[in-house]
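I opened this notebook to keep track of what I looked up about charged side chains. The entries follow in the sequence in which I made them.

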Amino acid sequence: MEANHLTIMDLLDYMGRNAGMLWEYFWQHVGMVLTGTGLAFLAGVPLGVLCAYYPAAAKIVLTATNILQVLPSLAMLVLLMLWLGLGSDTVIVGLFLYSLNPIVRNTCVGLQQIDASYVEAGRGVGMSPLQILFQVRFPLSLTYLMSGVRIAAVIAIGVVTIAPLVGGDGLGREIYAGINNQNSLRIYAGAIPAALLAIATDIVLGGLQRKLRLDNRKSGN
């Protein structure tokens, strides 16, 4: 691979000539990330609530999600491939499992960090436990939850780059095509958009997290 002789113009020219294919890979990448982390959000938030209210359940759930989190992503995808076969669905299941821990943990921690005086105030005005959860605890813990989603999303973007190894789609296809063909242009054309997507996601979700924190402070929380 003659990486030292490549220029920005070479890369831009290649990406311009192959824009349709690269956009297709990009949106496949985004789709898998959104689906995997979205499913993890739908399952992880209720599990986080369970952990916050029941310490015994927290030990089991957090231990299980910790084990999933520390498994190498490639090893997890290969194991899932043996059970589910090749394809993007296998990648999505892997992302779901891999994204659970930060969402469950941050939801649990956020709910546990709420000042008890706010909960007592809710009880004092006659709120039910569900009203306290949705009207008091959740609004005050959103910054923690957003932090978990932010971590999960950025990790998922990186994990999807190895999706082609188990038959998945996304920008990883361009990266591995470049490796197989010893073509540096194709490696850069896949890796740079994936890196920019991760950075942009982190910036956007980080900005939303800061806004939620400021809103809480302005409201006296």
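Entry one. I began with arginine 186, which counts as buried at 18% relative accessibility, where buried means under 20% relative accessible area, exposed over 50%, and partly exposed in between, with a 1.4 Å probe and protein chains only. I noted that this is a predicted model, in which local features need pLDDT of at least 70 and side-chain atom pairs count only at pLDDT 80 or more, while totals for chains, interfaces and linings use all residues. Residues are numbered from 1 along each chain as its sequence is written, and side-chain values use heavy atoms, with hydrogens and water left out.

Entry two. Which residue does arginine 186 form a salt bridge with? I found glutamate 174, with the closest N and O atoms 2.9 Å apart; a salt bridge here is a side-chain nitrogen of Lys or Arg within 4 Å of a carboxyl oxygen of Asp or Glu. Because arginine 186 lies in helix α9 and glutamate 174 in helix α8 (residues 172–181), the pair ties together parts that are twelve residues apart in sequence. Helices (H or I, at least four residues) and strands (E, at least two) are DSSP runs, numbered from the N terminus. Glutamate 174 is buried too, at 0% relative accessibility.

I then searched the whole structure and found five salt bridges. One of them joins aspartate 202 and arginine 150 at 2.7 Å, N to O. Aspartate 202 is in helix α9 (residues 184–218) and arginine 150 in helix α7 (residues 129–160), so this pair links parts 52 residues apart in sequence. Aspartate 202 is partly exposed at 29%, and arginine 150 is partly exposed at 22%.
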